[in-house]
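Biologist: I would like to learn how to read a few features from a model. Can we go through them one at a time?

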Amino acid sequence: MRVLLLGANGYLGRFVADRLLADPAVQLTALGRGDDADVRFDLASGSPGALTRFLNAVHPGVVINCAGATRGGARDLTRHNTVAVATVCEALRRSGCGARLVQLGCAAEYGPSQPGSSTGEDAIPRPGGPYGVSKLAGTELVLGSGLDAVVLRVFSPAGPGTPAGSPLGRLAEALRRSIQSGDGELKLGGLAVQRDFVDVRDVARAVHAASLSAAQGIVNIGSGRAVRLRDAAAVLARVAGYGGALHELDGGPPGRPAIGHPRTESDAPPAAYPYPDGCGSWQQADVRTARDRLGWRPRINLEESLADIWMEAACRI
C-alpha cells in the first residue's frame, strides 16, 4: 500500500511515520517543510496543481494529512489549517489516483462541553477560538469534498515529544526548574480544567487503522476519560520524584499566570485565560465510534505518557 504522509515533521506526524514504517506492507512517502522529508512542499503556499502532479507521479492509495499549526494569529492558522486542507482536497479531486484521505482534526472544533458529558461525533461544533475555527473549516472542506475521507478528531495528545508550550509540557518544565533550583514549593495556575488525554502513540495507531478501514465522516480519538490537570500535575510530580509542595493558584481573579509562568506585577491576563484552547473547563470524548468502526482502543495509560514527558524534561537538567 502506497501512503503519502503530509506533515511528517510535526508532533503527531513523526509518530504516524514511525507507525507506518513499522508495517512492511506500507510504502511510505513523506511530504513536509523539513529537510528530512522525502519531498519538500508547503501546503499553505503550494498550489493544488503542483500537488496534483506529485500525486499522479506517486499514485498513493492513502493520503494522511497531519500538517497544520496550533499557534499563531488567525491569518496563520487559517493558512495552515484551512487553506492547506483546501489544497489537498482540490489536488486529490484533480488527480486520477483515487486515494483515500485521512485528515487529522482536533477536539477544539467542538468547543466547550457540559461538565460530566461525553462528546460524540454528532455534537454541534462551537469552537471557542481561532484555532478551533480554522480546524473546523478544514474538516468541513474534507466532508464536503466528495472524497473517500475520514476525519479523526484527536482530543488532547500526550506522551513523548509533547510540545513545551502545551499544558503538560509547561507542567514538566516547571517541575524541572523547581528541582534544578531546589525549590521546596511550586506554584501553578490553570489546573482546574479537565481534558481527555490520549497518548500520541495511540493516535498513530488510530491513523494506521483509519487508513486501512472503510470508515468515513468523523471519528473521535481519545481515552474516553476526562482528567483534571491538577491530578495530572500530582502524578507528574510523583513520577519526577519531586518532594516539594504543589500550590494551586486557581480560584483567584482572571489573569493569573498560566502553568509555570513567573508572576510579575506587569503580567497582562491572556485573552482566553484560563482556557486558551477555547474548550472551556471540560472535555471528554465518546470513543465508541473508534471502537466500532476502526477496531481501535487506547492502550497506553496517562501515567506512562507522563513518565515519558518527564524523561524528556529531565534530560534538560
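Biologist: Is Cys97 buried or exposed?

Modeller: This is a predicted model. The cut-off for buried is under 20% relative accessible area. Cys97 has 11% relative accessibility, so Cys97 counts as buried. Cys89 is buried too, with a relative accessible area of 2%.

Biologist: How many disulfides are there?

Modeller: A disulfide is a covalent bond between the sulfur atoms of two cysteines. The test here is a pair of cysteine sulfur atoms within 2.5 Å. The count is zero. For Cys89, the closest cysteine sulfur is in Cys97, 12 Å away, which is too far for a bond.

Biologist: At what angle do helix H3 and helix H4 pack?

Modeller: Angles under 35 degrees count as roughly parallel. H3 (residues 74-94) and H4 (residues 130-143) pack at about 10 degrees, their axes 9 Å apart. The two helices are therefore roughly parallel to each other. On H3, the contact residues include Leu77, Val85 and Cys89. On H4, they include Tyr131, Lys135 and Leu141. By class, the contact has 10 nonpolar residues, five polar and one charged.

Biologist: Where does Ser211 lie, and what does its side chain reach?

Modeller: Ser211 lies in helix H6, residues 200-212. With 4% relative accessibility, Ser211 counts as buried. Its side chain reaches the backbone oxygen of His208 at 2.6 Å.

Biologist: Which residues does Ser211 touch, not counting those up to four places away in sequence?

Modeller: With that exclusion, Ser211 touches Met1, Val62, Ile64, Arg100 and Val102.

How values were computed: Residues numbered from 1 in each chain as written. Predicted model: local features only at pLDDT ≥ 70, side-chain atom pairs only at ≥ 80, totals over all residues. Heavy atoms only, no water. Axes fitted to C-alpha atoms, helices over the stretch in contact; angles between N-to-C directions. Helix = DSSP H or I, 4+ residues; strand = E, 2+ residues; numbered from the N terminus. Parallel < 35°, antiparallel > 145°, perpendicular 65-115°, else oblique. Contact = heavy atoms within 4.5 Å. Nonpolar A, V, L, I, M, F, W, Y, C, P; charged D, E, K, R; others polar. Buried < 20%, exposed > 50% of the residue type's maximum accessible area, 1.4 Å probe, protein only. Polar contact = N/O pair within 3.5 Å; in protein donor to acceptor, adjacent residues only side chain to side chain.
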